[in-house]
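Let's take a walk through this one together. Have the model open beside you as you read.

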Amino acid sequence: KTLGRCLDLLAEAPWLRLRGMHAHLASGLEAGPLLEVAAHVLGWARSWLEGPAEVNLGGGMAVDYRDPGRRFDWAAYGAGLATLRRPGEVLRIEPGRAVTAYCGWYVTDVLDVKRTHGTSYAVLRGGTHHLRTPAAKGHDQPFTVLPVGDGEGAGGPVTLVGQLCTPKDVFARDVTVERIAVGDVVAFAMAGAYAWNISHHDFLMHPKPSVHYVGPG
């Protein structure tokens, strides 16, 4: 009903042209289910648009932080969209995080290792005011420990936290490591999306991270 009213308004405004429609209805889907969503969106859009038009199908491509090597099947998704598209239609997508997540790292070092109430913690320089993705999405951020420190260490299940005075400042919880010690460097992978740009900057005036861009080759 509301969309119909919008079309009526456009009919009364000849200086405006309806170019197409935009929908963003899912998140974290593999290629097959996302193609099903696309088919529904296209059916809905075609019922409102006359002739070839532009349809933005949005994003929602899966990103698996538990298995960084597992990637969205772009070939299957592209082939599926090609079969759904009608002649003259323009289909657009918003890959966003599914592309950029793999293009960034958050690198920091271990300030302290301690054990409290039976749980081992590694306190890192920085925190979720730099990389808020794990706290916002409720997952463990994949990481690699570079053993360069020679201070106090711990092995087995370890929870990696930042410096902030909030229990939400957690990068990864109860992840098993061979050893992590004071002075070690921790490199968090898949930090290229929803990281610094959604973090709560200037939390208690902690310093901002430095940002470095590395080109190909």
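Is Glu54 buried or exposed? Glu54 counts as buried, because its relative accessibility is 17%; buried here means under 20% relative accessible area, exposed means over 50%, and partly exposed is in between (1.4 Å probe, protein chains only). Before going on, keep in mind that this is a predicted model, where local features need pLDDT of at least 70 and side-chain atom pairs count only at pLDDT 80 or more, while totals for chains, interfaces and linings use all residues. Residues are numbered from 1 along each chain as its sequence is written, and side-chain values use heavy atoms, with hydrogens and water left out.

Back to Glu54, which pairs up with Arg19 in a salt bridge, the closest N and O atoms being 2.9 Å apart. A salt bridge is a side-chain nitrogen of Lys or Arg within 4 Å of a carboxyl oxygen of Asp or Glu. Glu54 sits in strand S2 (residues 54-56) and Arg19 in the loop between helix H1 (2-11) and strand S1 (20-22), so this pair ties together parts that are 35 residues apart in sequence. Helices (H or I, at least four residues) and strands (E, at least two) are DSSP runs, numbered from the N terminus.

In total, the structure holds eight salt bridges. Glu30, Asp64, Arg66 and Arg70 are linked in a network of them. Asp64 bridges to Arg66 at 3.4 Å between the closest N and O atoms, and the side chains of Asp64 and Arg70 also meet at 3.4 Å, N to O. Asp64 is buried at 13% relative accessibility, whereas Arg66 is exposed at 77% and Arg70 is partly exposed at 42%.

Now for the nonpolar side of things. A nonpolar core is a set of buried Ala, Val, Leu, Ile, Met, Phe, Trp, Tyr and Cys residues joined through side-chain atoms within 4.5 Å. The largest has 26 residues, and Val55, Leu57, Val63 and Tyr77 have the most contacts inside it. Helices H2 (31-48) and H3 (74-84) are the elements that give two or more residues to this core, with H2 giving the most, seven residues. Apart from this core lies another, of 19 residues, Val110, Ala154, Ala172 and Ile180 among them.

Finish at Thr159, in strand S7 (residues 153-161). Thr159 counts as buried, because its relative accessibility is 1%. A polar atom of its side chain lies 3.1 Å from the backbone nitrogen of Asp174.

Definitions and conventions. A polar contact is a pair of N or O atoms within 3.5 Å; within protein, one must be able to donate a hydrogen and the other to accept it, and residues adjacent in sequence count only if both atoms are side-chain atoms.
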